[in-house]
Amino acid sequence: MTRTLAEAEADAATCRRCRLAETRTHVVFGVGDPDADLMFIGEAPGLHEDKQGEPFVGPAGQLLTRMLGEIGLRREDVYIANVLKSRPPANRDPLPDEIEACTPWLVEQISIIQPLLLTTLGNFATKFVLNTPTGITRLRGQTFPWHGRTVIPTFHPAAILRSGGDGSKQFELFREDFFLIGRTLRELREPPPAPTAADAAGGETAGGQEQLELF
């Protein structure tokens, strides 16, 4: 029987599967609508997130909230999580065994929430979710099919702030990506067309994609 998101979060709060349990302040599981159609995935909690136990609450989170507003969404309308649920010391890169230990939590989140659209924020989350060595600069601004749903990669908000914020070229690309997210989400929410007599005669419609049982 599938657990609720609250049950999974309560279990994760005491997780000690990796060394990060020794140095974290809080497990940062995720925040937002448990039935969200749009889910954001970042890399790992930072200093502010570790203190408050909520993802994307520092300056990068404020930028994310502002960009959501530009496409008519609030933080409460989406779900926000990271690949890692505990902060690596000094914000170092996640280690392979830490990623392996945390992956089941992210898989369970996606399985419970069943989002239509996933947005990966930055290089790490994008490479992890799409299982690709290709960097974010080449992948951003595109849509990718993934286990019966859609993925749109974009820059991490922290990278936008480091690059100069609103006045940077990267910010304009970031804004374009959010407009793409908004358009794609509206399209995915539209009900599929009613089957025609020709569809019925031809059996299963072409393009049907089997969704992995895991998700």
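Start by selecting T120: its bridge partner in β6 is P153. This is a predicted model, in which local features need pLDDT of at least 70 and side-chain atom pairs count only at pLDDT 80 or more, while totals for chains, interfaces and linings use all residues. Residues are numbered from 1 along each chain as its sequence is written, and side-chain values use heavy atoms, with hydrogens and water left out.

Next, show strand β6, residues 149-154, beside β4: the two pair in the parallel sense over five bridges. Strands are DSSP runs of E, at least two residues, numbered from the N terminus, and two of them pair if DSSP finds at least two bridges between them.

Now select residues 38-42, strand β2, which pairs with β4 in the parallel sense over four bridges. Within this pairing, L38 has L117 of β4 as its bridge partner.

Stay on β4 and colour residues 117-121 by accessibility. Five of the five are buried, so the strand is largely enclosed by the rest of the structure. Buried means under 20% relative accessible area, exposed over 50%, and partly exposed in between (1.4 Å probe, protein chains only). L117, T119 and L121 cover one side and L118 and T120 the other, and all are buried.
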